[in-house]
Amino acid sequence: MVTENAPAESRQPFLHTLSPSVAAPYQLWLGPDGQLRPSGAQGIYLGDTRLLSEAVLCINGVEPEAVQVHSRPARVGQQATARFLYRSPGPAGNAPVYQLSRSLLVTPSGVRETIRVDSRSDAGATVEISLRFASDLAGMDAVRSGGTVRPLRAEVAEGVLRWGSDDGENDDDSRVTAALTPEGGTVVVGPQPGPAAQASPSAVVAWTLELPAHGSAEIGWRLSGTDPLAPVVAADSWHAPDFERHCRDHPDPRLGRLAAQAASDLAGLRLTTPDGPPEGFLAAGAPWYFTLFGRDSLWAARLLLAHDPSRAAGTLRTLAAFQGTKVDPATAEEPGKIPHELRRGGFSIPSENQGVDLHLPPLYYGTVDATPLWVCLLHDAWQAGMPDDQVEPLLDACEAALAWMVRYGDSVGDGFLEYPDPTGTGLANQGWKVSAVAVRWPDGRIAAG
């Protein structure tokens, strides 16, 4: 992966115009026009890596006009759907000749797109459908920083497009790979025609469809990725808490739809570690925090106790497996401390207030509240009925967490927990609002860590 020099004004991309679909460890962020463009946070991700940065649909050499984009829950995963119209060129081309829809289904095993073309013509015709694909395998920190990552050249073998990262000097034990399999079509690997400044090593897959009058046809492709160093993977089988049963008879049907979406969103955030408990934990959010975060995962499990108590057990066991055992200022680890976040590699983003850039190690312990929250969740889960044979193995970790609060968390003995950052490149604020500009004096000045 090669990162271009980001302009000084580069900043975190906005997300509010994008349509997300999430089924951990995969996530899709579709553009407002129904296309995937190499812009902002658009793309398909596996964990902390963007597998696909571009997927632009064309018909007869031009992009169709988008009329609707939306996401919704699916039986296993989430689905984004975009609808388009194609009108003939010229002054008489007001009536649409073709209607197109692209449906991207995101599941814990990958992404599959189905493209349907419907003719509104009274005569048969030959239609050319093409998709331009590109992958930059950009890390989440590069995307979040707003920089530009140079796309990689695809390799084609047996009709499959593959991209591979250069992590570990092309060591297969560490490379992230993306594999895209078109259903038919002709594959051409770039650079594509165009100005030299815009040329990129994209790949185009083209289909020639013979459509009868008022006929239709479907084509598609599927994408999956591999990451031998991924610290988190999909949890056990897709499971959505049955919130709908609590409001099935409610007179307002909107509540049922809201509950279904909420249940699907929760199911889409379910992760575990490669050797962790199958019920796992909930990721902190998408796209930036699509991994294990002590504070966020603990709060989510605590709020779900009445609906899905198994999430508490998985969260407690997962975090206990990473509980600190030594003093390490570089990672903020201390004996008994519960970690803040777990990433594939180091995470770096520019400073928010013209100060020192943020550089976090893959396993980072810079949080003041995850440790007491872990103790609180264990107690609440026990009160909610967590079996004794699941509570007892965690009591040693509970003792260690309490000891950390006394020995390390409250170093000055005033009854409050402190969170100094000795490295100067970690989180200055280690409570709920971790942004560098979140804690201020009454006059608006930023409080120094």
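Two strands are taken to pair if DSSP finds at least two bridges between them; helices (H or I, at least four residues) and strands (E, at least two) are themselves DSSP runs, numbered from the N terminus. By this criterion, β4 and β5 form a hairpin with two residues between them. Three bridges join β4 (residues 43–46) to β5 (residues 49–52), and the two strands run antiparallel. Within the hairpin, Leu46 stands opposite Thr49 of β5, and Gly47 in the turn has a positive phi of about 60°.

The structure is a predicted model, in which local features need pLDDT of at least 70 and side-chain atom pairs count only at pLDDT 80 or more, whereas totals for chains, interfaces and linings use all residues. Residues are numbered from 1 along each chain as its sequence is written, and side-chain values use heavy atoms, with hydrogens and water left out. The pLDDT is the predictor's confidence in each residue, from 0 to 100. Its average over the chain is 89, and 89% of the residues score at least 70. Over residues 1–8 the pLDDT stays under 50; for this stretch the model has 14 contacts beyond four places in sequence, a contact being heavy atoms within 4.5 Å.

An open sheet is formed by eight strands in the order β7-β8-β9-β10-β18-β15-β14-β13, with antiparallel pairing. Its edge strands, β7 (65–74) and β13 (155–157), each pair on one side only. From one strand to the next, the twist averages 20°. Inside this order, β10 (residues 110–119) and β18 (residues 216–226) pair in the antiparallel sense over eight bridges, and Val117 has Ala217 of β18 as its bridge partner. In a regular strand the side chains alternate between the two faces of the sheet. Helix α2 (residues 253–268) lies across β7 and β8 (77–87) and runs at about 75° to β7. Axes are lines fitted to C-alpha atoms, for helices over the stretch in contact, and angles run from 0 to 180 degrees between N-to-C directions.

The structure holds three aromatic pairs. Rings of Phe, Tyr and Trp (its six-membered ring) pair if their centres lie within 6.5 Å; planes under 30 degrees apart count as stacked, over 60 as edge-to-face and the rest as tilted. Phe133 and Trp221 form an edge-to-face pair, at 5.1 Å centre to centre with 75° between the planes. Because Phe133 lies in strand β11 (residues 125–134) and Trp221 in strand β18, the pair ties together parts that are 88 residues apart in sequence.

The axes of helices α4 (residues 310–321) and α5 (residues 370–383) come within 10 Å and cross at roughly 145°. In this contact, Ala312, Leu316, Leu319 and Ala320 of α4 meet Trp374, Leu377, Leu378 and Ala381 of α5. The contact residues divide into eight nonpolar, no polar and no charged, where Ala, Val, Leu, Ile, Met, Phe, Trp, Tyr, Cys and Pro count as nonpolar, Asp, Glu, Lys and Arg as charged, and the others, Gly among them, as polar.

Most residues other than glycine have a negative phi, and most peptide bonds are trans. A cis peptide bond joins Ala24 and Pro25, with omega about 10°; Pro25 lies in the loop between β2 (19–23) and β3 (26–30). Another cis bond links Ala286 to Pro287, with omega about -5°, and Pro287 lies in the loop between β21 (281–282) and α3 (294–303). Leu137, although not a glycine, has a positive phi of about 45° and lies in the loop between β11 and α1 (140–144).
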